[in-house]
Amino acid sequence: MAFRLFKSTFFLVFVISISCGNTPGTKNQSLPSPESQNDALSKTQTPEPAPIVLGANRTEVYLPLLKDKKVAVVGNPSSLILKTSSSSEKVYTHIVDSLVAHQINIVKVFSPEHGFRGTADAGEAVKDGKDPKTGLPVISLYGNNKKPKPEQLAGVDVIVFDIQDVGVRFYTYIATLHYVMQAAAEASIPVIVLDRPNPNGSYVDGPIMEAAHTSFLGMHAGVPLVHGMTIGEYAQMMNQEGWLETARRAKLTVVAMQNYAHDLAYSLPVRPSPNLPNDQSIMLYPSLGLCEGTTLNAGRGTEMQFQVIGSPFLPQEQYTFSYTPQPNFGSKNPKFKGETCNGLDLRMLPKLQKVDLHFIIDAYRNYEKKAEFFNTKNFTAHAGTAQLQQQIESGASMQEIRTSWQDGLDAFKALRQKYVLYP
């Protein structure tokens with residue numbers, strides 16, 4: 001009897017629940033389909049990070065600062081603004097073309113090493129000229145004219161600096177920025193830096209620049225080879241720390257990016273300079289750039305720039321990869337032109353998060369002509385210290401060398417923290 005009563009009660013409740021619906025206040029609610037369940041699940045998963053908005057794309061911030069002004073632009077082929085974006089293609093336009101389209105009065109362009117269109121070799125003198133697309137005068141800031149002269153700034157109301165850096169101290173665009181800001185401070189001309197990601201911005205490492213060895217390859221003592229800062233952050237540090245060596249600071253505005261963090265991967269849409277053709281070369285540049293101060297070829301004269309190293313004086317039995325440098329875009333006279341180089345192929349090397357000198361250390365130990373391995377003046381200018389060559393020649397290990405950097409790295413990281421704009 002009790003069992004029959006229980007069954008009747010259960011049946012009644014079941015009927016009521018069907019009539020009234022499963023959830024109070026709703027009608028005709030049905031179970032989700034497997035597809036809609038997947039949709040709901042995807043919405044609860046971690047969303048894709050918002051796309052990085054470059055400083056150049058934040059026109060609402062800087063165009064009002066340029067209205068009715070005579071503007072000079074410091075730029076090169078990397079000075080791109082994202083015009084349109086889709087899942088399949090991104091379309092860019094040059095910042096100069098964008099400003100012209102916005103009817104901004106650009107009166108001249110300044111160009112860094114490699115030139116405004118970016119076809120000159122490293123270290124090659126770049127002449128003044130005229131931009132064939134816009135007809136604007138282009139003034140070179142390389143060679144004998146690294147700093148804008150007062151007469152070159154005459155009639156300029158504001159300077160826009162928009163160049164892609166790669167976060168390595170001896171990459172000369174930071175030095176160009178230093179001289180532009182210095183000249184602008186002396187002439188009381190405001191400078192607007194449109195910030196861009198640092199593809200090597202996730203770490204700080206390397207030998208520390210010493211005051212005795214500062215040059216265009218590293219103008220500021222105390223800065224490690226990899227500084228982990230965007231060009232806008234570095235501009236603020238130069239200005240506030242008095243590194244411009246001017247009576248007054250520059251009138252600096254940094255147009256910060258949106259949705260950027262230092263550890264975010266960022267693939268550059270174009271070469272920042274002729275001999276950095278892809279992400280792998282940019283990743284390896286902090287470690288292989290020091291080869292410039294040795295007799296090692298670091299891929300110049302190939303399309304593997306800063307992804308391979310080699311020399312005819314490395315033993316073939318240990319350095320089984322071979323290539324032959326030939327004149328090409330960005331390298332008219334590469335080291336060992338036309339000679340077979342035995343070396344290392346690093347094109348598939350996993351991403352580095354530190355400066356790795358094993359490649360240079362091992363090459364020195366195995367080099368047939370050790371006395372010719374180092375171009376001491378050039379190597380010291382790149383390293384920022386004479387100690388590194390001495391350490392390699394004495395047989396110091398990578399760990400011993402790294403330990404010698406630590407105090408300088410700690411001091412710089414503390415200074416850097418005052419100026420970072422992004423997590």
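Strand 9 (205-208), strand 10 (224-226) and helix 11 (387-393) are the elements against which the buried residues of helix 10 pack. The structure is a predicted model in which local features need pLDDT of at least 70 and side-chain atom pairs count only at pLDDT 80 or more, whereas totals for chains, interfaces and linings use all residues. Residues are numbered from 1 along each chain as its sequence is written, and side-chain values use heavy atoms, with hydrogens and water left out.

Helices (H or I, at least four residues) and strands (E, at least two) are DSSP runs numbered from the N terminus; the protein has 12 helices and 14 strands. Of its 423 residues, 50% count as buried, where buried denotes under 20% relative accessible area, exposed over 50% and partly exposed in between (1.4 Å probe, protein chains only). Contact is defined as heavy atoms within 4.5 Å. Among contacts with a separation of 6 or more, 73% are accounted for by residues 24 or more positions apart.

The buried residues of helix 10 include Phe-379, Thr-380, Ala-381, His-382 and Ala-383. Thr-380 lies in this helix, which spans residues 376-383, and has a relative accessible area of 8%. Apart from neighbours within four places in sequence, Thr-380 is in contact with His-213, Thr-385 and Ala-386. Just after helix 10, Gly-384 takes a positive phi of about 85 degrees.

A nonpolar core is a set of buried Ala, Val, Leu, Ile, Met, Phe, Trp, Tyr and Cys residues joined through side-chain atoms within 4.5 Å. The largest such core contains 92 residues, of which Ile-159, Leu-290, Leu-357 and Ile-392 touch the most other members. Helix 6 (residues 173-187) supplies the largest share of this core, with 8 residues. A second, separate core of 21 residues includes Ile-81, Val-158, Ile-192 and Val-255. When residues up to four places away in sequence are not counted, Ile-159 touches Ala-72, Val-74, Leu-153, Val-180, Ala-184, Ile-189, Pro-190, Val-191 and Ile-192.

Strand pairing requires at least two bridges found by DSSP between the two strands. Strand 7 (residues 158-162) pairs with strand 8 in the parallel sense over 3 bridges, and Ile-159 stands opposite Val-191 in strand 8. From strand 8 (residues 191-194), Val-191 and Val-193 point one way and Ile-192 and Leu-194 the other way, and all are buried.

Elsewhere, 3 strands form an open antiparallel sheet in the order 12-14-13. Strand 12 (308-311) and strand 13 (321-323) are the edge strands, each pairing on one side only. On average, neighbouring strands of this sheet are turned by 40 degrees against each other, direction ignored; axes are lines fitted to C-alpha atoms, for helices over the stretch in contact, and angles run from 0 to 180 degrees between N-to-C directions. Strand 13 is joined to strand 14 (residues 341-345) by 3 bridges, the two running antiparallel, and Phe-321 stands opposite Gly-343 in strand 14.
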